[in-house]
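Q: Could you take me on a close look at the pockets of this model? I'd like to know what lines them, and then how the surroundings are put together.

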Amino acid sequence: MTPFELSEPTSLKEALGLLDPDDPTVRPVGGCTALMLMMKAGVFHPTRLVSLRKVDGLSGITAGRDGSLVIGAMTPLAALEHSAEVAKLAPVITRTMRRLSNVRVRNVATIGGNLAHGDPHMDLPPVLMALDASILVIGRSGERTLKVENLFAGYYETVLRRDEIIAELRIPAQGSRRAAYLKCTTGSADDWPALGVAVSLEADGKAIRAPRVVVSAATEKAIRLKGAEQVLSGATIDDAVLARAGDAAADEAETVSDVRGSAPYKRELLRVYVRRAVRRAFEGDVKGAAH
């Protein structure tokens with residue numbers, strides 16, 4: 001690795017002052033688990049990294065009386081995994097954590113860094129999109145709130161400006177909604193997925209209400225599949241409806257080829273996994289995070 005400056009501010013104002021909106025080699029970092037790999041591989045050469053680990057007020061999990069969750073950006077993924085509040089109010093996150101990388105990474109990686117990195121293979125972004133989560137972003141020009149589904153601009157790209165920092169994640173109360181996340185890996189169980197599908201919905205008898213269907217890993221960025229959502233919305237769940245939803249998803253998503261599979265292969269995976277994820281969510285996901 002090439003030499004770089006490491007800054008450790010103790011306030012958000014100080015951290016923002018150390019960022020350079022005109023220099024892409026200056027980055028804020030959380031756990032630095034992903035960025036360090038890029039640096040070791042020679043893909044990224046920073047001149048300055050601004051560590052947020054000593055900034056007060058950026059970590060912790062707070063449950064609202066309405067069932068919502070507010071999670072500080074510097075909260076380690078392991079804290080989400082073991083949080084009683086998260087397990088009660090957004091259990092799909094707890095289930096997803098069981099196969100999200102490994103315990104060493106989860107102990108260090110942060111939720112803010114997970115989102116800001118923009119890697120389409122990450123497991124949490126599609127889950128958070130399905131839960132209609134948003135983030136609070138703070139920059140030199142002020143604050144703004146972004147839906148997680150509007151955060152990603154492309155492959156490893158986000159809409160964050162270079163002088164902005166994710167301060168917290170907000171997950172609205174889920175009420176009676178049910179959610180599931182399934183992923184297909186071509187290596188070990190906790191490997192990067194070839195495909196990830198997250199689903200959130202309401203069950204009204206045998207009818208599906210307000211579905212949210214998200215695909216990741218097989219596409220350049222995590223995206224909602226609104227065609228599949230339209231097929232499912234108001235429909236009575238059965239094999240025919242699930243098949244139509246899978247077909248709509250496969251027609252809508254632009255899958256990409258990589259070392260984990262060809263685009264046509266991933267398209268067929270998507271067709272199958274949308275059916276499975278919708279059924280898993282509708283029936284209540286009690287079996288785990290993925291196959």
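A: Let's start with the second largest pocket: by class, its lining has eight nonpolar, four polar and five charged residues. This is a predicted model, so keep in mind that the totals for linings use all residues, whereas local features need pLDDT of at least 70. In all, 17 residues line this second pocket, and those nearest its centre are Leu89, Pro91, Gln174, Arg177 and Arg178. The volume of the second largest pocket comes to about 210 Å³.

Now for the largest pocket, which holds about 1200 Å³ of space. Its lining takes in 49 residues, with Ala34, Leu35, Gly113, Ala116 and His117 lying nearest the centre. The elements that put two or more residues into this lining are β2, α2 (33-40), α7 (111-116), β9 (157-158) and β10 (164-171). Helix α2 gives the most, five residues. By class, the lining of the largest pocket splits into 25 nonpolar residues, twelve polar ones and twelve charged ones.

One of the elements on that list, β2, also belongs to a sheet, so let's follow it there. The sheet is open and has three strands in the order β1-β3-β2, paired in parallel. Its edge strands are β1 (5-7) and β2 (26-29), each of which pairs on one side only. On average, neighbouring strands in this sheet are turned by 20° against each other, ignoring direction. As for the contacts, β1 and strand β3 (residues 48-51) run parallel and are joined by three bridges. If you want one to click on, leucine 6 has leucine 49 in β3 as its bridge partner.

Next, the charged pairs. The structure has 20 salt bridges. Take arginine 212 and aspartate 132, whose closest N and O atoms are 3.5 Å apart. That pair ties together distant parts of the chain, 80 residues apart: arginine 212 sits in strand β13 (residues 207-216), and aspartate 132 in the loop between α8 (124-130) and β6 (134-139). The two ends differ in how much surface they show. Arginine 212 counts as buried because its relative accessible area is 11%, under the 20% cut-off. Aspartate 132, at 25%, is partly exposed.

Another salt bridge brings together the side chains of glutamate 168 and arginine 170, at 2.7 Å from N to O. Here arginine 170 is partly exposed, with 30% relative accessibility.

Then there's the salt bridge between aspartate 204 and arginine 209, at 3.3 Å from N to O. Both partners fall in the partly exposed class: aspartate 204 has a relative accessible area of 44%, and arginine 209 has a relative accessibility of 35%. Elsewhere, salt bridges with shared partners link Asp132, Lys147, Glu149, Arg212, Arg224 and Glu229 into one network. So the buried arginine 212 and the partly exposed aspartate 132 turn up again there, as members of that network.

Conventions: Residues numbered from 1 in each chain as written. Heavy atoms only, no water. Salt bridge = Lys/Arg side-chain N within 4 Å of Asp/Glu carboxyl O. Helix = DSSP H or I, 4+ residues; strand = E, 2+ residues; numbered from the N terminus. Buried < 20%, exposed > 50% of the residue type's maximum accessible area, 1.4 Å probe, protein only. Pairing = 2+ DSSP bridges. Axes fitted to C-alpha atoms, helices over the stretch in contact; angles between N-to-C directions. 1 Å grid on protein atoms, 1.4 Å probe; cavity = no way out; pocket = protein on both sides within 12 Å on 5 of 7 lines; lining within 4 Å. Points joined across faces, edges and corners; volume = space filled by probe spheres on them. Nonpolar A, V, L, I, M, F, W, Y, C, P; charged D, E, K, R; others polar.
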